[in-house]
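Subject: Structure for you to look through

Hello,

I am passing on a structure that I would like you to open beside this message.

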Amino acid sequence: MRAYTPKDDVQAKSYYTDRYYVAPQVPKQEVETDEVFAADLAALKAKFEVKESFIQVGQMVVYINANDIYGVLEFLRDELTYTQLSEMSAIDWLAKDNTFEIFYQMLSMTKRKRLRIKFFINKGEAVDSVESLFRCADWSEREMFDMFGIEANNHPFMKRILLPYDWQGNPLLKTYPLEGDEFAAWYEVDKIYGKEARDVIGPEIRDTARVDRYDSERFARLGFEVPKGTEITGNEEPNKQDYQEEGGVFLVKKFTKDASKIIDDPQR
Amino acid sequence: MAQHKVNYTQDGGLPVALTSIDKIVNWGRSNSIWALTYGLACCGIEMMASGASRFDFDRYGTIFRASPRQADVMIVAGTLTKKHAEFIKRLYDQMTEPRWVISMGSCANTGGMFNTYATVQGCDRVIPVDLYLPGCAPRPETLQYGVMLLQKKIRANKAGNAQKPKRLM
(Lines give C-alpha, C1' and ligand atoms only; values in the text may rest on other atoms or scores of the structure.)
Protein backbone atom coordinates (compact mmCIF):
# COMPACT_ATOMS: atom_id res chain seq x y z
CA MET A 1 0.00 0.00 0.00
CA ARG A 2 1.19 3.46 -0.83
CA ALA A 3 1.66 6.02 1.91
CA TYR A 4 -1.20 8.49 2.07
CA THR A 5 -0.33 12.07 1.24
CA PRO A 6 -2.97 14.70 2.04
CA LYS A 7 -4.07 16.45 -1.13
CA ASP A 8 -6.41 19.10 0.25
CA ASP A 9 -3.81 21.77 1.00
CA VAL A 10 -1.52 21.45 -2.00
CA GLN A 11 -2.12 25.07 -2.95
CA ALA A 12 -1.16 26.33 0.47
CA LYS A 13 2.44 25.11 0.22
CA SER A 14 5.14 26.22 -2.12
CA TYR A 15 6.03 23.35 -4.39
CA TYR A 16 9.78 23.85 -4.07
CA THR A 17 11.86 24.81 -1.08
CA ASP A 18 15.61 25.16 -1.11
CA ARG A 19 17.13 22.99 1.61
CA TYR A 20 20.08 25.32 1.99
CA TYR A 21 18.19 28.59 1.67
CA VAL A 22 19.58 31.48 3.68
CA ALA A 23 17.49 34.64 3.89
CA PRO A 24 19.33 37.62 2.38
CA GLN A 25 20.62 40.13 4.89
CA VAL A 26 21.73 43.70 4.65
CA PRO A 27 25.55 43.65 4.98
CA LYS A 28 26.91 44.53 8.40
CA GLN A 29 29.99 46.63 9.06
CA GLU A 30 32.25 46.96 12.05
CA VAL A 31 31.42 49.83 14.40
CA GLU A 32 35.05 50.97 14.15
CA THR A 33 34.43 52.11 10.56
CA ASP A 34 32.52 55.14 11.90
CA GLU A 35 34.36 57.20 14.49
CA VAL A 36 31.24 58.88 15.95
CA PHE A 37 29.56 55.55 16.53
CA ALA A 38 32.81 54.03 17.83
CA ALA A 39 33.10 56.75 20.48
CA ASP A 40 29.42 56.33 21.46
CA LEU A 41 29.80 52.57 21.71
CA ALA A 42 32.92 52.90 23.87
CA ALA A 43 31.07 55.24 26.25
CA LEU A 44 28.14 52.82 26.35
CA LYS A 45 30.36 49.80 26.97
CA ALA A 46 31.98 51.54 29.94
CA LYS A 47 28.64 51.60 31.80
CA PHE A 48 26.51 48.77 30.40
CA GLU A 49 26.96 45.29 29.03
CA VAL A 50 26.78 45.29 25.23
CA LYS A 51 26.06 41.88 23.72
CA GLU A 52 26.49 42.66 20.02
CA SER A 53 26.98 45.77 17.91
CA PHE A 54 27.35 46.53 14.23
CA ILE A 55 26.45 49.12 11.61
CA GLN A 56 23.74 48.47 9.05
CA VAL A 57 22.76 51.00 6.38
CA GLY A 58 24.65 53.73 8.23
CA GLN A 59 22.84 53.09 11.51
CA MET A 60 24.39 51.46 14.57
CA VAL A 61 22.54 48.51 16.10
CA VAL A 62 23.34 47.65 19.73
CA TYR A 63 22.06 44.61 21.59
CA ILE A 64 21.84 45.06 25.37
CA ASN A 65 20.33 43.32 28.39
CA ALA A 66 16.58 43.71 28.82
CA ASN A 67 16.75 45.19 32.32
CA ASP A 68 19.31 47.86 31.27
CA ILE A 69 16.97 49.61 28.88
CA TYR A 70 15.93 52.52 31.09
CA GLY A 71 19.53 53.30 32.05
CA VAL A 72 20.80 52.97 28.48
CA LEU A 73 18.19 55.31 27.03
CA GLU A 74 18.74 57.82 29.84
CA PHE A 75 22.49 57.70 29.18
CA LEU A 76 21.97 58.09 25.43
CA ARG A 77 19.64 61.02 25.92
CA ASP A 78 21.59 62.94 28.56
CA GLU A 79 25.23 62.15 27.74
CA LEU A 80 25.34 61.14 24.06
CA THR A 81 22.74 63.66 22.68
CA TYR A 82 20.38 61.01 21.29
CA THR A 83 17.47 63.19 22.31
CA GLN A 84 14.71 61.69 20.19
CA LEU A 85 12.99 58.34 20.32
CA SER A 86 11.77 57.96 16.74
CA GLU A 87 10.02 54.67 17.13
CA MET A 88 9.80 51.62 19.30
CA SER A 89 7.98 48.34 18.96
CA ALA A 90 8.47 44.59 19.00
CA ILE A 91 9.20 41.80 16.52
CA ASP A 92 7.51 38.44 16.88
CA TRP A 93 10.04 35.57 16.99
CA LEU A 94 7.73 33.25 18.93
CA ALA A 95 7.79 30.53 16.30
CA LYS A 96 11.59 30.51 16.19
CA ASP A 97 12.62 30.56 19.84
CA ASN A 98 9.64 31.85 21.87
CA THR A 99 11.03 35.39 22.17
CA PHE A 100 10.13 38.94 21.25
CA GLU A 101 12.77 41.33 19.95
CA ILE A 102 12.18 44.88 21.21
CA PHE A 103 13.76 47.80 19.36
CA TYR A 104 14.15 51.50 20.13
CA GLN A 105 15.12 53.75 17.21
CA MET A 106 17.05 56.82 18.45
CA LEU A 107 18.02 60.03 16.66
CA SER A 108 20.71 62.55 17.53
CA MET A 109 20.03 65.91 15.89
CA THR A 110 23.45 67.34 16.71
CA LYS A 111 25.46 64.33 15.50
CA ARG A 112 23.03 63.61 12.64
CA LYS A 113 23.14 59.91 13.54
CA ARG A 114 20.56 57.24 14.16
CA LEU A 115 21.09 54.18 16.31
CA ARG A 116 18.91 51.26 17.32
CA ILE A 117 18.87 49.66 20.76
CA LYS A 118 17.62 46.08 20.77
CA PHE A 119 17.06 43.29 23.23
CA PHE A 120 15.16 40.02 23.53
CA ILE A 121 12.53 39.05 26.06
CA ASN A 122 10.73 35.76 26.50
CA LYS A 123 7.02 35.38 26.00
CA GLY A 124 5.08 36.62 29.02
CA GLU A 125 7.83 38.91 30.26
CA ALA A 126 7.38 42.68 30.57
CA VAL A 127 9.69 45.52 29.56
CA ASP A 128 10.58 48.58 31.60
CA SER A 129 8.69 51.64 30.47
CA VAL A 130 10.72 54.59 29.14
CA GLU A 131 7.69 56.87 29.21
CA SER A 132 9.27 59.10 31.88
CA LEU A 133 12.28 59.65 29.57
CA PHE A 134 10.41 60.13 26.29
CA ARG A 135 6.76 61.19 26.27
CA CYS A 136 6.28 59.64 22.86
CA ALA A 137 6.90 56.22 24.36
CA ASP A 138 3.54 56.51 26.12
CA TRP A 139 1.53 55.69 23.02
CA SER A 140 4.20 53.44 21.49
CA GLU A 141 4.22 51.19 24.52
CA ARG A 142 0.45 51.11 24.59
CA GLU A 143 0.45 50.15 20.93
CA MET A 144 3.00 47.42 21.64
CA PHE A 145 0.73 46.16 24.40
CA ASP A 146 -2.24 46.33 22.05
CA MET A 147 -0.59 44.57 19.14
CA PHE A 148 1.73 42.07 20.87
CA GLY A 149 0.47 41.82 24.47
CA ILE A 150 3.81 42.93 25.91
CA GLU A 151 3.27 44.99 29.04
CA ALA A 152 5.49 47.88 30.12
CA ASN A 153 6.30 48.22 33.82
CA ASN A 154 5.68 51.63 35.44
CA HIS A 155 3.58 52.81 32.54
CA PRO A 156 0.96 55.36 33.72
CA PHE A 157 -1.92 54.01 31.61
CA MET A 158 -1.28 50.49 30.37
CA LYS A 159 -4.37 49.94 28.23
CA ARG A 160 -5.11 49.20 24.60
CA ILE A 161 -4.77 52.23 22.33
CA LEU A 162 -6.22 51.28 18.94
CA LEU A 163 -8.54 48.37 19.54
CA PRO A 164 -11.46 48.52 21.97
CA TYR A 165 -10.73 47.70 25.60
CA ASP A 166 -12.78 44.51 25.52
CA TRP A 167 -10.94 43.07 22.52
CA GLN A 168 -9.32 39.68 22.76
CA GLY A 169 -6.15 38.78 20.90
CA ASN A 170 -3.10 40.67 19.67
CA PRO A 171 -3.30 41.24 15.93
CA LEU A 172 0.38 41.76 15.09
CA LEU A 173 1.33 38.32 16.36
CA LYS A 174 2.23 36.10 13.44
CA THR A 175 -0.23 33.50 14.69
CA TYR A 176 -3.16 35.94 14.42
CA PRO A 177 -5.19 35.45 11.21
CA LEU A 178 -5.51 38.55 9.02
CA GLU A 179 -9.26 38.17 8.73
CA GLY A 180 -9.60 37.75 12.48
CA ASP A 181 -10.30 34.85 14.79
CA GLU A 182 -13.79 33.85 15.87
CA PHE A 183 -13.93 36.59 18.50
CA ALA A 184 -13.11 39.26 15.92
CA ALA A 185 -15.52 37.86 13.34
CA TRP A 186 -18.50 38.12 15.69
CA TYR A 187 -17.34 41.12 17.73
CA GLU A 188 -19.93 43.69 16.62
CA VAL A 189 -22.79 41.18 16.57
CA ASP A 190 -21.97 39.83 20.04
CA LYS A 191 -21.55 43.27 21.51
CA ILE A 192 -24.63 44.96 20.05
CA TYR A 193 -27.18 42.20 19.69
CA GLY A 194 -25.83 39.36 21.80
CA LYS A 195 -24.58 35.91 20.91
CA GLU A 196 -28.07 34.60 20.12
CA ALA A 197 -28.22 36.99 17.14
CA ARG A 198 -25.46 35.13 15.32
CA ASP A 199 -27.96 32.82 13.65
CA VAL A 200 -30.11 35.72 12.44
CA ILE A 201 -27.36 37.96 11.09
CA GLY A 202 -25.14 35.18 9.79
CA PRO A 203 -21.42 34.92 9.25
CA GLU A 204 -19.35 37.52 7.44
CA ILE A 205 -19.04 37.12 3.69
CA ARG A 206 -15.45 37.85 2.80
CA ASP A 207 -15.42 36.57 -0.77
CA THR A 208 -15.02 39.82 -2.68
CA ALA A 209 -15.82 38.17 -6.01
CA ARG A 210 -19.13 36.75 -4.81
CA VAL A 211 -22.05 37.67 -7.05
CA ASP A 212 -25.34 35.78 -6.84
CA ARG A 213 -28.20 37.08 -8.99
CA TYR A 214 -30.66 34.76 -7.27
CA ASP A 215 -29.89 36.29 -3.85
CA SER A 216 -32.18 39.28 -3.60
CA GLU A 217 -31.21 39.88 0.05
CA ARG A 218 -27.72 41.02 -0.89
CA PHE A 219 -27.67 41.74 -4.60
CA ALA A 220 -29.72 43.81 -7.01
CA ARG A 221 -29.64 43.29 -10.75
CA LEU A 222 -29.33 46.66 -12.36
CA GLY A 223 -32.49 47.54 -14.23
CA PHE A 224 -34.35 44.52 -12.82
CA GLU A 225 -34.54 45.38 -9.15
CA VAL A 226 -37.09 43.60 -6.97
CA PRO A 227 -38.05 44.12 -3.31
CA LYS A 228 -35.65 42.60 -0.80
CA GLY A 229 -36.22 38.90 -0.23
CA THR A 230 -38.22 38.26 -3.40
CA GLU A 231 -37.60 34.95 -5.07
CA ILE A 232 -35.87 35.47 -8.40
CA THR A 233 -37.38 33.54 -11.30
CA GLY A 234 -35.55 35.17 -14.18
CA ASN A 235 -38.72 36.73 -15.63
CA GLU A 236 -38.51 40.02 -13.76
CA GLU A 237 -40.05 43.13 -15.22
CA PRO A 238 -37.45 45.69 -16.27
CA ASN A 239 -37.34 48.78 -14.09
CA LYS A 240 -36.94 52.05 -15.83
CA GLN A 241 -33.91 53.78 -14.44
CA ASP A 242 -35.56 57.02 -13.49
CA TYR A 243 -35.30 59.33 -10.57
CA GLN A 244 -38.87 60.52 -10.77
CA GLU A 245 -42.24 58.92 -11.34
CA GLU A 246 -43.71 59.06 -14.82
CA GLY A 247 -46.85 60.90 -13.81
CA GLY A 248 -44.92 63.69 -12.16
CA VAL A 249 -44.66 64.61 -8.52
CA PHE A 250 -46.86 66.90 -6.45
CA LEU A 251 -45.52 70.47 -6.66
CA VAL A 252 -42.30 69.30 -8.33
CA LYS A 253 -41.84 69.92 -12.02
CA LYS A 254 -40.35 67.05 -13.98
CA PHE A 255 -37.37 67.86 -16.07
CA THR A 256 -37.89 67.10 -19.72
CA LYS A 257 -35.02 67.54 -22.05
CA ASP A 258 -37.16 68.55 -25.01
CA ALA A 259 -38.87 71.37 -23.16
CA SER A 260 -35.63 72.74 -21.76
CA LYS A 261 -33.50 75.34 -23.44
CA ILE A 262 -30.01 74.16 -24.29
CA ILE A 263 -27.37 76.86 -24.27
CA ASP A 264 -24.82 75.86 -26.89
CA ASP A 265 -23.10 79.22 -27.23
CA PRO A 266 -20.10 79.15 -24.91
CA GLN A 267 -19.72 82.94 -25.24
CA ARG A 268 -23.29 83.61 -24.13
CA MET B 1 -44.72 95.49 -4.62
CA ALA B 2 -44.79 91.83 -5.46
CA GLN B 3 -42.89 90.99 -8.59
CA HIS B 4 -45.08 87.99 -9.41
CA LYS B 5 -48.69 88.49 -10.17
CA VAL B 6 -50.96 85.91 -8.62
CA ASN B 7 -53.48 84.69 -11.16
CA TYR B 8 -56.65 84.20 -9.16
CA THR B 9 -58.64 83.21 -12.19
CA GLN B 10 -56.89 79.91 -12.91
CA ASP B 11 -57.53 76.63 -11.08
CA GLY B 12 -61.20 77.35 -10.71
CA GLY B 13 -60.63 80.78 -9.29
CA LEU B 14 -58.96 79.56 -6.14
CA PRO B 15 -55.24 79.63 -5.23
CA VAL B 16 -55.41 76.03 -4.02
CA ALA B 17 -54.00 72.69 -5.04
CA LEU B 18 -55.91 69.55 -4.18
CA THR B 19 -54.05 66.44 -3.13
CA SER B 20 -54.10 63.63 -0.58
CA ILE B 21 -52.62 63.65 2.91
CA ASP B 22 -50.12 60.96 1.92
CA LYS B 23 -48.88 63.03 -0.97
CA ILE B 24 -48.52 66.26 0.95
CA VAL B 25 -46.77 64.57 3.89
CA ASN B 26 -44.46 62.65 1.58
CA TRP B 27 -43.83 65.82 -0.38
CA GLY B 28 -42.67 67.48 2.82
CA ARG B 29 -40.62 64.53 3.92
CA SER B 30 -38.97 63.82 0.62
CA ASN B 31 -38.00 67.44 0.04
CA SER B 32 -36.50 68.03 3.45
CA ILE B 33 -34.29 65.01 4.01
CA TRP B 34 -31.93 66.23 6.67
CA ALA B 35 -28.81 64.13 6.71
CA LEU B 36 -26.61 63.25 9.65
CA THR B 37 -23.06 64.50 9.27
CA TYR B 38 -21.41 61.12 9.30
CA GLY B 39 -18.22 61.04 7.29
CA LEU B 40 -16.18 58.07 8.46
CA ALA B 41 -13.45 58.02 5.82
CA CYS B 42 -12.65 59.30 2.33
CA CYS B 43 -16.29 58.98 1.19
CA GLY B 44 -16.94 61.75 3.69
CA ILE B 45 -15.01 64.11 1.42
CA GLU B 46 -17.34 63.30 -1.46
CA MET B 47 -20.30 63.76 0.87
CA MET B 48 -18.96 67.19 1.86
CA ALA B 49 -18.47 68.06 -1.82
CA SER B 50 -22.09 67.11 -2.45
CA GLY B 51 -23.15 69.53 0.24
CA ALA B 52 -20.95 72.35 -1.03
CA SER B 53 -21.78 74.90 -3.68
CA ARG B 54 -20.81 73.04 -6.86
CA PHE B 55 -23.23 70.16 -6.30
CA ASP B 56 -25.43 71.93 -3.76
CA PHE B 57 -27.53 69.52 -1.74
CA ASP B 58 -29.66 72.40 -0.50
CA ARG B 59 -31.55 72.22 -3.78
CA TYR B 60 -33.11 68.97 -2.56
CA GLY B 61 -33.69 70.36 0.90
CA THR B 62 -30.93 68.11 2.19
CA ILE B 63 -29.14 69.92 4.97
CA PHE B 64 -26.48 68.28 7.09
CA ARG B 65 -27.24 68.21 10.78
CA ALA B 66 -24.74 67.54 13.54
CA SER B 67 -27.22 65.75 15.76
CA PRO B 68 -28.98 62.43 15.05
CA ARG B 69 -32.08 63.77 16.78
CA GLN B 70 -32.55 66.32 13.98
CA ALA B 71 -31.65 63.98 11.14
CA ASP B 72 -33.84 61.88 8.85
CA VAL B 73 -31.21 60.02 6.86
CA MET B 74 -27.87 58.62 7.94
CA ILE B 75 -25.32 58.58 5.11
CA VAL B 76 -22.72 56.05 6.22
CA ALA B 77 -19.82 57.54 4.28
CA GLY B 78 -16.74 55.44 4.83
CA THR B 79 -15.16 52.45 6.53
CA LEU B 80 -17.02 51.20 9.57
CA THR B 81 -14.57 49.70 12.03
CA LYS B 82 -15.57 47.13 14.61
CA LYS B 83 -14.67 49.54 17.37
CA HIS B 84 -17.12 52.06 15.95
CA ALA B 85 -19.96 49.59 15.30
CA GLU B 86 -21.67 50.14 18.65
CA PHE B 87 -21.69 53.89 18.09
CA ILE B 88 -23.36 53.70 14.68
CA LYS B 89 -26.06 51.59 16.28
CA ARG B 90 -26.46 54.11 19.08
CA LEU B 91 -26.67 57.04 16.64
CA TYR B 92 -29.18 55.17 14.51
CA ASP B 93 -31.35 54.50 17.56
CA GLN B 94 -31.27 58.18 18.46
CA MET B 95 -32.72 59.23 15.10
CA THR B 96 -36.47 59.83 15.08
CA GLU B 97 -38.69 57.71 12.86
CA PRO B 98 -39.23 57.67 9.96
CA ARG B 99 -35.52 57.31 9.29
CA TRP B 100 -33.48 56.06 6.38
CA VAL B 101 -29.93 54.88 5.87
CA ILE B 102 -27.78 55.29 2.77
CA SER B 103 -24.71 53.09 2.70
CA MET B 104 -22.18 55.05 0.66
CA GLY B 105 -19.23 53.37 -0.98
CA SER B 106 -17.68 49.94 -1.03
CA CYS B 107 -16.48 49.97 2.56
CA ALA B 108 -19.88 50.70 4.02
CA ASN B 109 -21.53 48.23 1.61
CA THR B 110 -19.30 45.20 2.07
CA GLY B 111 -16.15 46.16 3.93
CA GLY B 112 -14.58 46.93 0.56
CA MET B 113 -10.88 46.37 0.26
CA PHE B 114 -10.49 46.10 4.04
CA ASN B 115 -10.69 42.35 4.29
CA THR B 116 -9.26 42.51 7.82
CA TYR B 117 -10.09 41.69 11.41
CA ALA B 118 -10.92 45.28 12.35
CA THR B 119 -13.51 46.22 9.70
CA VAL B 120 -17.23 45.48 9.76
CA GLN B 121 -18.00 43.63 6.52
CA GLY B 122 -20.90 45.85 5.51
CA CYS B 123 -22.77 48.24 7.78
CA ASP B 124 -25.98 46.28 7.19
CA ARG B 125 -24.66 43.83 9.75
CA VAL B 126 -25.42 46.47 12.36
CA ILE B 127 -28.22 48.72 11.04
CA PRO B 128 -30.88 48.25 8.32
CA VAL B 129 -29.92 49.96 5.05
CA ASP B 130 -32.28 51.42 2.44
CA LEU B 131 -29.89 52.30 -0.35
CA TYR B 132 -26.45 51.03 -1.32
CA LEU B 133 -24.27 53.30 -3.44
CA PRO B 134 -21.47 51.58 -5.34
CA GLY B 135 -18.10 53.20 -5.89
CA CYS B 136 -14.81 53.82 -4.20
CA ALA B 137 -15.49 56.60 -3.54
CA PRO B 138 -18.82 57.38 -5.28
CA ARG B 139 -18.90 60.68 -7.11
CA PRO B 140 -21.15 63.40 -5.68
CA GLU B 141 -23.46 62.80 -8.65
CA THR B 142 -23.96 59.25 -7.40
CA LEU B 143 -24.92 60.52 -3.97
CA GLN B 144 -27.28 63.07 -5.51
CA TYR B 145 -28.88 60.35 -7.59
CA GLY B 146 -29.11 58.21 -4.46
CA VAL B 147 -30.90 60.98 -2.59
CA MET B 148 -33.32 61.34 -5.51
CA LEU B 149 -33.99 57.60 -5.46
CA LEU B 150 -34.57 57.86 -1.72
CA GLN B 151 -37.07 60.64 -2.39
CA LYS B 152 -38.78 58.33 -4.86
CA LYS B 153 -38.84 55.60 -2.23
CA ILE B 154 -40.35 57.94 0.37
CA ARG B 155 -43.04 59.02 -2.09
CA ALA B 156 -43.90 55.42 -2.86
CA ASN B 157 -44.71 54.60 0.77
CA LYS B 158 -47.75 55.45 2.85
CA ALA B 159 -47.16 58.38 5.14
CA GLY B 160 -49.34 57.19 8.02
CA ASN B 161 -48.34 56.22 11.52
CA ALA B 162 -48.67 52.59 10.61
CA GLN B 163 -45.32 52.70 8.81
CA LYS B 164 -43.54 49.48 9.55
CA PRO B 165 -40.45 50.21 11.63
CA LYS B 166 -37.32 48.77 10.14
CA ARG B 167 -35.47 46.43 12.42
CA LEU B 168 -32.42 44.40 11.70
CA MET B 169 -33.38 41.96 14.43
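**Strands in chain A**

Strand S4 (residues 84-93) of chain A pairs with S5(A) over nine bridges, and the two run in the antiparallel sense. Please keep in mind, here and throughout, that this is a predicted model. Within that pairing, Leu85(A) stands opposite Met106(A) of S5(A). On to the next partner: S5(A) is joined by 10 bridges to strand S6 (residues 113-122) of chain A, again running antiparallel, and in S6(A) the bridge partner of Gln105(A) is Arg116(A). S5(A) and S6(A) form a hairpin with four residues between them, and in the turn Arg112(A) has a positive phi of about 55°.

How many of the residues of strand S5 (residues 99-108) of chain A are buried? The count is 10 of its 10 residues. In a regular strand, side chains alternate between the two faces of the sheet. In S5(A) both faces are covered, with Thr99(A), Glu101(A), Phe103(A), Gln105(A) and Leu107(A) buried on one side, and Phe100(A), Ile102(A), Tyr104(A), Met106(A) and Ser108(A) buried on the other.

**Strands and a helix residue in chain B**

Chain B holds an open sheet of five strands in the order S2-S1-S3-S4-S5, with parallel pairing. Strand S2 (64-65) and S5 of chain B stand at the edges, where each has a single partner strand, so one side of each is left without a neighbour in the sheet. Elsewhere in the sheet, strand S1 (residues 35-36) of chain B runs parallel to S3(B) and is joined to S3(B) by two bridges, with Ala35(B) opposite Val73(B) in S3(B).

Gln151(B) is placed in helix H5 (residues 140-156) of chain B. This residue is buried, because its relative accessible area is 7% and buried means under 20%. Leaving aside residues up to four places away in sequence, Gln151(B) touches Ser30(B), Asn31(B), Ile33(B) and Tyr60(B).

**Where the two chains meet**

In the interface, 40 residues of chain A are in contact with 29 residues of chain B. The area buried between chain A and chain B is about 2,900 Å², and carbon and sulfur atoms give 59% of this area. Tyr193(A), Tyr243(A) and Phe250(A) supply 24% of the area that chain A buries against chain B, which is more than any other three residues.

Between chain A and chain B there are also 13 residue pairs in polar contact, with both residues at pLDDT 80 or more. Helix H5 (182-185), helix H6 (187-192) and helix H7 (198-201) of chain A each supply at least two residues of the side of chain A that touches chain B, and the largest share of that side, five residues, comes from H6(A). The residues on this side of chain A divide into 26 nonpolar, five polar and nine charged.

**Salt bridges across the interface**

Side chains of opposite charge can pair when their charged atoms come close. How many salt bridges are there between chain A and chain B? The count is four, while over all chains the count comes to 21.

Arg125(B) forms a salt bridge with Glu188(A), and their closest N and O atoms are 3.1 Å apart. This pair crosses between chains, from the loop between helix H4 (105-110) and strand S5 (131-133) of chain B, where Arg125(B) sits, to helix H6 of chain A, where Glu188(A) sits. Arg125(B) counts as buried at 6% relative accessibility, and Glu188(A) counts as buried at 1%.

Lys82(B) also forms a salt bridge with Glu188(A), with the closest N and O atoms 3.4 Å apart, and Glu204(A) forms one with Lys82(B) at 2.7 Å. Glu204(A) lies in the segment after H7 of chain A and Lys82(B) in the loop between strand S3 (73-77) and H3 of chain B, so this pair joins two chains. Glu204(A) is buried, with a relative accessible area of 16%, and Lys82(B) is buried, with 1%. Glu188(A), Glu204(A), Arg206(A), Lys82(B) and Arg125(B) are linked in a network of salt bridges.

Lys191(A) and Glu86(B) meet through their side chains in a salt bridge, at 2.8 Å from N to O. Here Lys191(A) is in helix H6 of chain A and Glu86(B) in helix H3 (residues 85-94) of chain B. Lys191(A) counts as partly exposed at 34% relative accessibility, and Glu86(B) is partly exposed with a relative accessible area of 24%.

Best wishes

Notes: Residues numbered from 1 in each chain as written. Chains lettered and ligands numbered in written order. Predicted model: local features only at pLDDT ≥ 70, side-chain atom pairs only at ≥ 80, totals over all residues. Heavy atoms only, no water. Contact = heavy atoms within 4.5 Å. Buried area = accessible area lost by both parts, 1.4 Å probe. Polar contact = N/O pair within 3.5 Å; in protein donor to acceptor, adjacent residues only side chain to side chain. Nonpolar A, V, L, I, M, F, W, Y, C, P; charged D, E, K, R; others polar. Buried < 20%, exposed > 50% of the residue type's maximum accessible area, 1.4 Å probe, protein only. Pairing = 2+ DSSP bridges.
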